[in-house]
Amino acid sequence: MGDVNIKELEEFAADADAWFQENVVTDPGFMLPLTFMEVGTDQQFEFLRDWQRKVYEAGYLGAAWPKEYGGGGLDQEFQDAATNAMRRHHSPIMLNAIGLNWAGPLLLNMGTDEDRQKYIKGILTADDIWCQGFSEPENGSDLGNAQLKAVRDGDEYVLNGSKIWTTQGNFGKYMILLARTNFDAPNKYAGLSFFLAPMMVDGVETVPIRKLTGEYGFTQTFFTDVRIPASCLMGEEGQGWLIAMRTLEYERGARAGQAGGYVMTEFDAFQIVDVARHALRGGTPAIEDPVMRDKLVEFLIEAQSLKLCNERGAIAPLNQDRPMALALSNKLMFTEFARRLNEFAITLTGAAGGYYVGDENAVDQGLWTRGYLNAFSATIGGGTSQIQRNIIGDHVLGLPKSK
Ligand SMILES: Cc1cc2nc3c(=O)[nH]c(=O)nc-3n(C[C@H](O)[C@H](O)[C@H](O)COP(=O)(O)OP(=O)(O)OC[C@H]3O[C@@H](n4cnc5c(N)ncnc54)[C@H](O)[C@@H]3O)c2cc1C
């Protein structure tokens, strides 16, 4: 722990704990989204925007980001302590996920001083919501083939095309946008450029898409002759792929520098012990069924091993044999585990697992069924599990590239 003053850190952690204990509202009287990808109503949006701003103003978000841009200027350990306090008190999620977790760190890492002055504070206060325009209807996993066209015209670029699955697209003020500026480049990657694009301009249309849970959270985003200042280009023309790859490292948790807090409800695996105690299978508690007990223990062991792997990932000397293995595996392991855990919770509840949110017979108000359906989101967004496996095969195991 570098030069951190332990006493100051302990005091900060104790203050954060007391603050979240006093200020967290877990039930505002309407359903909160489980993750930043299901913010579907204005009511949810306003509540979460106010909450993020309050956490930031109290000093518990962006605590380790540089002071000159609106951060707290403290060591990362302080932000980690605040995030742990959020966890303990089951704080609602932080809203501006794409700003806090990938656009923000990207700007701090690769942006100009002017960009940072302009954008960072608004990310932290949630005044400026960010969204991400990478995927297109015909190009998701094959991101390098993105076709949205950006043509330079004097001091402006003119954008035409469509992006899809744009999380919080309808609330976005800015978009990190991957667009094609050169259709004659020697390869598909070299023709791409990266923009910090304003969304509230003529020609941008966002059409909400409904998810399998019935909730909204992302849009298809259409660009028709949209004119944006040429200064929105990040880096140089043709550097889009490089900057997009850096962005994905933040998004997939392979690179540190995020503002802190969490943007997805974190299920504690031990919660399913309670489910197993209360859920009845054939009239007896599921926990008394030897097969279910066995499975339950396997999940708890896996949860513990993931936690230890995560801690190990942060200790460089323990990762010398394959330095990127844990960082590149994180997204795959945690998102697939969350999906299987929610599925198992439904299995424990037997036939009652079929009742959904809003049904009086639903176990835990349908939390597990909704959680299960929503858990697929994270196994797809930011690169599907299959793509993550390809990346691990390629970059960690050194296997030949898939054709
Ligand atoms: C909830 C949610 C939120 C999202 N938010 C955003 C957002 O804010 N911004 C944004 O730009 N995108 C967003 N996405 C889009 C996401 O990044 C894409 O859905 C994802 O990259 C997959 O692309 P695709 O949907 O086009 O599927 P495809 O690429 O068509 O893939 C279809 C299937 O084929 C498999 N596949 C494809 N290529 C390979 C390969 N080479 N090897 C093995 N299997 C392969 C995939 O794993 C998948 O199972 C979001 C997605 C979800 C679900």
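Which residues of α7 meet which residues of α9? Point 3 takes this up.

1. Basis. This is a predicted model: local features need pLDDT of at least 70, side-chain atom pairs count only at pLDDT 80 or more, and totals for chains, interfaces and linings use all residues. Residues are numbered from 1 along each chain as its sequence is written.

2. Domains. The chain is divided into domain 1 (6-96 + 109-126), domain 2 (131-251) and domain 3 (271-396). These bounds come from an automatic or database domain assignment. Between domain 1 and domain 3, the C-alpha centres lie 25 Å apart. Four residues from domain 1 and five residues from domain 3 make the contact; two residues are in contact if their C-beta atoms, placed from the backbone, lie within 7 Å. The side of domain 1 that touches domain 3 has two nonpolar, one polar and one charged residues. In these classes, Ala, Val, Leu, Ile, Met, Phe, Trp, Tyr, Cys and Pro count as nonpolar, Asp, Glu, Lys and Arg as charged, and the others, Gly among them, as polar.

3. α7 and α9. Helix α7 covers residues 271-278 and helix α9 residues 325-348. Helices (H or I, at least four residues) and strands (E, at least two) are DSSP runs, numbered from the N terminus. The α7 and α9 axes are 9 Å apart, and the packing angle is about 15°. Axes are lines fitted to C-alpha atoms, for helices over the stretch in contact, and angles run from 0 to 180 degrees between N-to-C directions. α7 and α9 are therefore roughly parallel to each other. Angles under 35 degrees count as roughly parallel, over 145 as roughly antiparallel, 65 to 115 as roughly perpendicular and the rest as oblique. Ile272, Val275 and Ala276 of α7 meet Leu341, Phe344, Ala345 and Leu348 of α9. By class, this contact has seven nonpolar, no polar and no charged residues.

4. α9 and α11. The axes of α9 and α11 come within 10 Å and cross at roughly 160°. That makes α9 roughly antiparallel to α11. From α9, the contact takes Ala325, Leu328, Ser329, Lys331, Leu332 and Glu336. From α11 come Ser385, Gln388, Arg389, Ile391, Ile392, His395 and Val396. The classes here are six nonpolar, four polar and three charged.

5. α4 and α5. Helix α4 (residues 97-110) and helix α5 (residues 113-125) have axes that come within 10 Å and cross at roughly 160°. That makes α4 roughly antiparallel to α5. Gly99, Leu100, Ala103, Gly104, Leu107 and Leu108 in α4 meet Asp115, Arg116, Tyr119, Ile120 and Ile123 in α5. The contact of α4 with α5 has seven nonpolar, two polar and two charged residues.

6. Ligand shell. There are 22 residues around the ligand, and Phe134, Gly140, Ser141, Thr384 and Gln386 come nearest. A residue is near a molecule if its C-beta atom, placed from the backbone, lies within 6 Å of it. Domain 2 and domain 3 each give at least three residues to the shell. β1 (130-133), β3 (156-167), α10 (367-380) and α11 (385-396) each supply at least two. By class, the shell has seven nonpolar, 15 polar and no charged residues.
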